[in-house]
Amino acid sequence: MTTICIVIQSPEFVSSAGMRIRYLRLASAAPLGTTITYAPIAELLQTKTYDAEIYIFSKTFMPEALILACHLQKIGKIVGQDFFDDYFSQMDDARLARFQCWVREMEPFTDFVLGTTERLTSVIAEYMPRAPITIVPDPIEAFDRSDLAHRVSDKIRTASASRRLSIYWFGIGDNPFFSVGVRDLVAYGGDLARFKALGWDATLTVLTNTRALSSEGLALLRTLPIDFRIMEWTEAREDESLKAADVAFIPVGGQGFSRAKSLNRCLTALLRGCQVLSRGYPLYRSLGEFVYRSADDLVADLELGQVKLRGSQLPRLYELLDAHASPAEAAATFGSAATSLPMRPSEKDSSRRAGPPLCLIHGRNSDTSIHKLAARFGGLSVRSPFHEKTLNYQLRFDSIGGELRCRIEKSRMKFLDPDLATAAIDVGRIMDLEFCDLPLSRIMGWNDPFPLAMGSDRFSWLAVYPSVMGVIRTACQRLFPSASVIVSEQHQLALATMHGDAYPRATTAIRSGVA
Amino acid sequence: MTEIDDAGIAEPLTAMALSLDPPDSGWLSVDADEDRLLCRLTTAGRIGNDAPPALSIQIGRQRLGVVRCQPVLDGDALFAIPSAALRSFVRLSEHVGPPSVRLSLDGQPDLSASVPVDTLCETDSRRPAAFYESGGSGLKLADLWLASDAQLRLRFEGSASDTGDETLNLAAYQIVGRTAAVREVGRGDLTSGSGLGICTIGLANPLGPVLLVATDAELTIRSLNIIPFPSLLRGGLHHWELRAAAVAADDMRDVANVSAAYLSAFLRSRHHQARRIDAIQIDARDAAGNESIFTGAVLDWLTGLMGVAVRLDREPADDELAEHIASLLPHTGEEERKPGSSLSLPADAIPTLHALVSALDDDSPKEMPSRVDSGACAYIVQPRFSKGAVWSVCMPWRPGVMEAAQPIGHACGIPRLNTGRAIPSGRTIVRTRSMAIRQIDLLTMADPARLFPMGAASPSVLTGQSEPFSASISVCIALDSITDNVAPLIDSLRFQSARPTEIVLVGTASSLDELPPTTQHALRSAFPKEVRYRVRDPSATRGTALSDAAEQASGEVLVFVSPSTVLTDRRTLDALASLATMEGIASASAMLLRALGDRLGFCGAGYFLAGLSFSTSPALAYEALPTDEVLAMATYPVAANTSLLMASRKRVFQKVGAFSSEYQSTSNIDIDFGLRAIQAGYLNLCSTALTAIAGETALPGTLDIDLLGRFPRLDLDRLVESTTILRRLK
């Protein structure tokens, strides 16, 4: 029996769409011999026993996840990543740097990668070229074929008789980074006017989250050329509404985030007996036989009584479902991608020389809790000169006298190369600990010290941040070759400056050749 | 009479279908005066004497209503049909084949005739029908606007309900698709359902001309009106171009007048094919496919009625997205090269009506829209999905230089005209009207953090040249105080991709050794051999100090940096030096950000001309405007750059005459230099694709510089033509 544990960001994530659409369905269809469970990351950081053999991180874009992944790998667990949103392909928006830097940080601790779509996995492959990547589509939920057949024929009959269509748009209406949700609805909503022009009485219901219904969101909806009503989204209401709806309107924008989405929304609508009208990017191309691209085509088929989703076509729909969203198939792929890797021995059992398992470098914004967490897993807490908290770090990189200096807590000297340890100079107590100064130029192989003057200006440090962090990362690796090095940073601009610079596979798009 | 074809080929026949061609035209004679078709029913057409005859009017295959006869003269019945709206509607449709106008004797479908276009349009009225004009209905249209892309809402004064029990129907007709098919697209009742005097009717296309017909219960036509360009109305895609042109856009009468003038210009422009914009080329590198220009309504209107070809100039990098976007455009196959001009647009822009109806370089009569100036780029920036300021931008565009100065990896966001002809070297103040409307999404644009450089992976790089900048760069720093700590700046210089050849410091300390230890240390450790120090006269102005540093500098390019500025983008020196060494460029700078609490906020990106001030003495007023929104990821000419961060080629700097020694404030020094550079024929470029962090003393909001005293012979024309003009429209 193999247990796969999905590591989630918080207990609240259990009620998220990702959990509901993906992991709960996969768990219920898990192949024999495989159990799929889940646990919030905070819980896993507190536990002493890790019962699962495989841990898959899902949307845990936080430094705690890096530490946990590092620890899990060191105790012999297999670590995977699962992606279903593309925050990684838009490289010119600094606000997305935190996701992208996190994936790069996670790469050394990743044994395999899962993604919902081909496009998404190809994006992730740029970040994680060493780990095997497998596409595991979002599976459909269990449904009753007979119910669906009845619902489809009832809807067609009623709509044709009344020439009245209830159209639904459903989903998260807002996004802080991407122009999606109600923006897509409004951008493509012009087509909805065609129903009336073609002699059909159509009303739209917008089923979305309340956050999207700001004054701007409502003002946008007002521009729709069709009568509409708004309902707050709940899982139950979505189910109930789509079962009653004739048409699901699912516009798709062409930006990277939207293009990497799964078939889930379209499948959800089809399985509730809705005709699907999807404008914009042809995301649902693989289900094209059941997806209308224009209101005119839908009305023409309604007039002929030959809509795409109708009783006689259901067998074909089931074929497509089997091909693209079979729960058994998805769960099997999911399980085999996770379990096909050989189990690695715990580093306790290996013959690697002793030393801290990880060095956790605090960047500009790094919480005290991370400092404690590093200690809990036996790691070193490393101060960069940008971290302004006063903590008992075990390794410090400070700006002193206009240069970058490296200092180590005395009790950690035993892990150092003996030649280097002899060059250490006692500098006395800092906070509660005794420290020695280490010659940074010798660690780095330089002839001169590393000049560094930290300005008093709130942001002047950004100019030197990537270079200094690169130096610290390298110094940590040289001081403790067996340790994993993790940067804990949550400052948006700091991450932006580090993006592409502090990682070995930086894509150098600029002509001046800075890497 | 000459027959014209009925182009309504795909439409089902209505119940009022008329007799087929050829008609017997002997029963009716038709003449036209300026605003009417005068139809005389001859004796041959008099059938029966029981009731006054009525003439049925049909356009395409749509029956509009009937016209009752006027008093009979000499035994003939006379009909006067208001024709201005019909004429305009037909002529607007010329590009797709004008729909026929047919007349028939009501109740006698055997007697019908087509009105030839020649007859209908033989009087070329300078003032086509305007929709505010009252018809004979007793109704007066008081206001109208687009409630949505599919709904036209009208408010009437003296509604039908005021005129007793009479009920009027209002029907809207449009050309649908890219053919000449006329359809009734909406109908409203003026007396019930929609409230007193307000009527909402459907539209098939919010850009296509709308023929509005009011009829009474007997189907008698009470008024015929045309809205030639409904997108100019409130809620329409082109509404903001009225505000940019200082038209009182809320006043329906003004909107109607502009519509009539545009219509007239558009009809005239058909005779100047070589001078029209007949193609739009879209740079779709940043497109998502949901932009307005890719909607069926816009494409139908552009490629159908307006006769403009729409093509992709650059495609998105993603093949599938490129294929999808290409599929949205009309497939035209191999097109014959047209003689007109093309407009290059980013995907988030649509052309203005003004650009499409104007003739280029044409000495149009005064009442026509002003010409489109091919030497400047003027456009409107409007938030698409959110509230926010709407801006009018007018930017000089020098081919070669301006293209090369734009960030690579992005679509060029600056609409521009390609005439294929040399740009006239006019010396008149730019009168350019907006050529395009960009619809940006502020959700992802308004945060300066978004524009922060993304390490070395950022594709948002300026590239003026194919090779990295290799010539020598001298960094010039004027220390205002002996305690100035330039260590952070020096650190940031250390990590620049283009290493400075030398750093020239000018300060009041007697030597480098008197500077703060951190500064000394930073300089000596990072640039041990490249630092030169000059002692500055304490009474000398900052301009003098910087000019002195420049004088001493040996580099081909001078980069002036304030001690409080930090170059957070490692490509800054490289990019600014590349811009500064382009032909005709006097200075180059970047967008400056500064700390606003714990966040970075916009500080400034060049000085913009704000206007003439006569508050004390005549002066030019300047502002530092928020170009992070309106000119994000772009390089543009400004009136002046700030010496807090500015690159200049040394020989150009000297030719312009260095910084003035007369001013104390940084902004006056900057503007003085910028103006002299422009006087000498140069441009000053600033780019929002590069960011740096400024200290607290960065650009103030507004400042004046004495105009007459300093520049008694200032060439205002040149100044305006060398500077981006930004104007907030709300």
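Tutor: What follows is a set of questions about labels, each settled with a definition.

Tutor: This is a predicted model, where local features need pLDDT of at least 70, side-chain atom pairs count only at pLDDT 80 or more, and totals for chains, interfaces and linings use all residues. Residues are numbered from 1 along each chain as its sequence is written, while chains are lettered from A and ligands numbered from 1 in the order in which they are written.

Student: What scores does the model get, ipTM and pTM?

Tutor: The ipTM is 0.87 and the pTM is 0.89. There is also pLDDT, the predictor's confidence in each residue, from 0 to 100. Chain B has a mean pLDDT of 80. In that chain, 79% of the residues reach 70 or more.

Student: Where in chain B does pLDDT stay under 50?

Tutor: Over residues 1–24 of chain B. The model has 46 contacts beyond four places in sequence for them. Residues 425–430 of chain B are also below 50. That stretch has 11 contacts in the model beyond near neighbours in sequence. Two residues are in contact if their C-beta atoms, placed from the backbone, lie within 7 Å.

Student: How many helices and strands does chain A have?

Tutor: Chain A has 20 helices and 20 strands. Chain B has 16 helices and 38 strands. Both are DSSP runs, numbered from the N terminus: helices are H or I with at least four residues, strands are E with at least two.

Student: What makes H3(A) roughly parallel to H16(A)?

Tutor: Take helix H3 (residues 63–74) and helix H16 (residues 368–376) of chain A: they pack at an angle of about 5°, with axes 10 Å apart. Therefore H3(A) is roughly parallel to H16(A). The cut-offs are under 35 degrees for roughly parallel, over 145 for roughly antiparallel, 65 to 115 for roughly perpendicular, and oblique for the rest. Axes are lines fitted to C-alpha atoms, for helices over the stretch in contact, and angles run from 0 to 180 degrees between N-to-C directions.

Student: Which residues meet there, in H3(A) and H16(A)?

Tutor: A:Pro63, A:Glu64 and A:Ile67 of H3(A) meet A:Ile370, A:Leu373 and A:Ala374 of H16(A). By class, the contact has five nonpolar, no polar and one charged residues. Nonpolar covers Ala, Val, Leu, Ile, Met, Phe, Trp, Tyr, Cys and Pro; charged covers Asp, Glu, Lys and Arg; the others, Gly among them, are polar.

Student: Why does A:Phe377 count as partly exposed?

Tutor: A:Phe377 has 17 C-beta neighbours inside 10 Å, so it counts as partly exposed. A residue is buried with 20 or more other C-beta atoms within 10 Å of its own, exposed with 12 or fewer, and partly exposed in between; C-beta atoms are placed from the backbone. A:Phe377 is in the loop between H16 and strand S14 (380–383) of chain A. Beyond four places in sequence, A:Phe377 is in contact with A:Ile67, A:His71, A:Pro357 and A:Leu358. A:Ile67 is 310 residues away along the chain, yet the C-alpha atoms are 8.1 Å apart.

Student: Why does B:Ile693 count as buried?

Tutor: B:Ile693 has 30 C-beta neighbours inside 10 Å, so it counts as buried. B:Ile693 lies in strand S36 (residues 683–693) of chain B. Its contacts beyond four places in sequence include A:Phe459, A:Ser460 and A:Leu462, and also B:Thr568.

Student: Why is B:Ala632 called buried?

Tutor: B:Ala632 has 22 C-beta neighbours inside 10 Å, so the label is buried. B:Ala632 lies in the loop between helix H13 (627–630) and strand S34 (635–638) of chain B.

Student: What makes helix H4 (residues 97–106) of chain A mostly covered?

Tutor: Nine of the 10 residues of this helix are buried. Among them are A:Phe99, A:Trp102 and A:Met106. Their cover includes H3, strand S4 (78–83) and helix H5 (118–127) of chain A.

Student: Which residues touch the most other members of the largest nonpolar core?

Tutor: A:Val276, A:Cys359, B:Cys476 and B:Val559, out of 383 residues. The largest share of this core, nine residues, comes from helix H4 (residues 252–269) of chain B. A nonpolar core is a set of buried Ala, Val, Leu, Ile, Met, Phe, Trp, Tyr and Cys residues joined through C-beta atoms within 7 Å.
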